[in-house]
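Hi,

Here is the structure I promised to pass on. Have a look at it first, and then read on for what turned up.

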Amino acid sequence: MAANNEVEREIDEQLENAEVEAVEVEVEVDEVETEATEPAAPKGSSKLILRLTLSLLAITSAVALLLAGVNAVTAEPIAEYKAEKRAAAMEQVLPDNHFWNSFDPIEITVGSSDSTVTVTPMHDAFSSYRGFEGLPHAVVIETYPSGYGGAISLMTCISIGRPDQNHELTVEAVRIVSHSETSGIGSKTTDPSFLDQFSGKHAGITIGSGENSIDAISGASISSKAVTAGVNEALDAAQAYVTGVLNGEIEGVDMFAGPEGYTETEGGDAR
């Protein structure tokens, strides 16, 4: 019996070894078939990829250099054109028949909107009174309210009243420097008939009825509201400027003598 058991055990081991060898052979055959079915990488493919990469790099570099060159050539003329438009807009919003002198512009952060606007103090040498406590006679303020087609570049002149008038702020004139509003609709905000409505207005201008309101352009309510918001922002900036100067937080301006034969007197008439 023992001999028979040993024979059976040897037969079982041989069978198991045969099965393992058969499995290994099948695996090797599968691997050979897999390698045979996989397409061989074309010769020179890596060189082709390298050439394409280098060509793309050369093209993008050339385009970048071209754009840089165009920007270098056009940057100065564009800046000069913008400066000319800005100067022309400033002349349009300043009252006529005055001798205006401008001081260095400063940046003012406006209230809750946390936006920064440019404030340029203006001195009227022909004024019958000189400024007090470092305040100029007027300020020209640039704001950029968001209209229907994007930002609107707005120029607003605001006069600063006498001390006995509590330095009351009054809009003198408003002009649009640039915009992207719809032609024939929102673009009508550039018409003097619309912008002249702001002259004489004070802080808190509204649209509709009332003494301190303006009429919107029909069909262009978004553009009308944007310009109104820009003027109100300018008034807020002017008030922040006046308050800052009076509180010593912003450096005031020094008034100077006007044209020959003219003398300024505090609170008096020009001589």
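In which strand does Thr156 lie? Thr156 is part of strand β5. Before going further, please keep in mind that this is a predicted model.

Thr156 is a handy place to start. With a relative accessibility of 0%, Thr156 counts as buried, because buried means under 20%. Leaving out residues up to four places away in sequence, Thr156 touches Val139, Val140, Ile141, Val171, Ala173, Val174, Val231 and Ala234.

**The overall layout**

Stepping back, the chain has four helices and eight strands. Followed along the sequence, they come in the order α-α-β-β-β-β-β-β-α-β-β-α. The chain runs to 271 residues, and 32% of them count as buried. Its accessible surface is about 16,900 Å², with 54% of that belonging to carbon and sulfur atoms. Looking at contacts with a separation of 6 or more, residues 24 or more positions apart account for 55% of them.

**The cores**

The largest nonpolar core has 35 residues, and the ones that touch the most other members are Ile141, Phe198, Val227, Val231 and Tyr241. At least two residues of this core come from each of β2 (106-110), β3 (115-124), β4, β5, β6 (169-178), α3 (192-195) and α4 (221-246). Helix α4 gives the largest share, 10 residues. There is also a second, separate core, made of 11 residues, including Ala89, Met155, Cys157 and Val177.

Phe198 counts as buried, at 0% relative accessibility. Not counting residues up to four places away in sequence, Phe198 touches Val171, Val174, Ile205, Ile214, Val227, Thr228 and Val231. Two of the names there, Val227 and Val231, were also in the list of core residues that touch the most other members.

Phe198 also turns up in another search. Across the whole structure, one aromatic pair was found. Its rings belong to Phe194 and Phe198, with centres 5.7 Å apart and planes at 90°, so the pair is edge-to-face. Phe194 counts as buried as well, at 3% relative accessibility.

**The salt bridge**

How many salt bridges does the structure hold? The structure holds one. The side chains that meet in it are those of Arg175 and Asp196, at 3.6 Å from N to O. As for the two partners, are they buried or exposed? Arg175 is buried, with a relative accessible area of 18%, while Asp196 is partly exposed, at 42%.

**A few spots in the loops**

His167 is one to check. This residue is in the loop between β5 and β6, and its phi is positive, at about 50°, although it is not a glycine. For background, most residues other than glycine have a negative phi. His167 is buried, with a relative accessible area of 11%.

Ala125 is found in the loop between β3 and β4. Ala125 is buried, with a relative accessible area of 0%. In sequence, Ala125 and Asn101 are 24 residues apart, and their C-alpha atoms are 7.3 Å apart in space.

Ala151 is in a loop too, the one between β4 (138-143) and β5 (153-160). Apart from its neighbours within four places in sequence, Ala151 is in contact with Tyr144, Pro145, Ser146, Ser178 and His179. Ala151 and Glu181 are 30 residues apart along the chain, with 9.0 Å between their C-alpha atoms.

**On the surface**

Which residues form a nonpolar patch on the surface? They are Leu50, Leu54 and Leu57, which together have about 300 Å² of accessible area. Leu54 belongs to helix α2, which covers residues 45-93.

Cheers

Terms used
Residues are numbered from 1 along each chain as its sequence is written. This is a predicted model: local features need pLDDT of at least 70, side-chain atom pairs count only at pLDDT 80 or more; totals for chains, interfaces and linings use all residues. Side-chain values use heavy atoms; hydrogens and water are left out. Rings of Phe, Tyr and Trp (its six-membered ring) pair if their centres lie within 6.5 Å; planes under 30 degrees apart count as stacked, over 60 as edge-to-face and the rest as tilted. Buried means under 20% relative accessible area, exposed over 50%, partly exposed in between (1.4 Å probe, protein chains only). Contact means heavy atoms within 4.5 Å. Patches are made of residues with over 30% relative accessible area and no salt bridge: like charges are joined within 9 Å, nonpolar side chains (Val, Leu, Ile, Met, Phe, Trp, Tyr) within 5 Å. Accessible areas come from the Shrake-Rupley method with a 1.4 Å probe; for residues, only the protein chains shown count as cover. A salt bridge is a side-chain nitrogen of Lys or Arg within 4 Å of a carboxyl oxygen of Asp or Glu. A nonpolar core is a set of buried Ala, Val, Leu, Ile, Met, Phe, Trp, Tyr and Cys residues joined through side-chain atoms within 4.5 Å.
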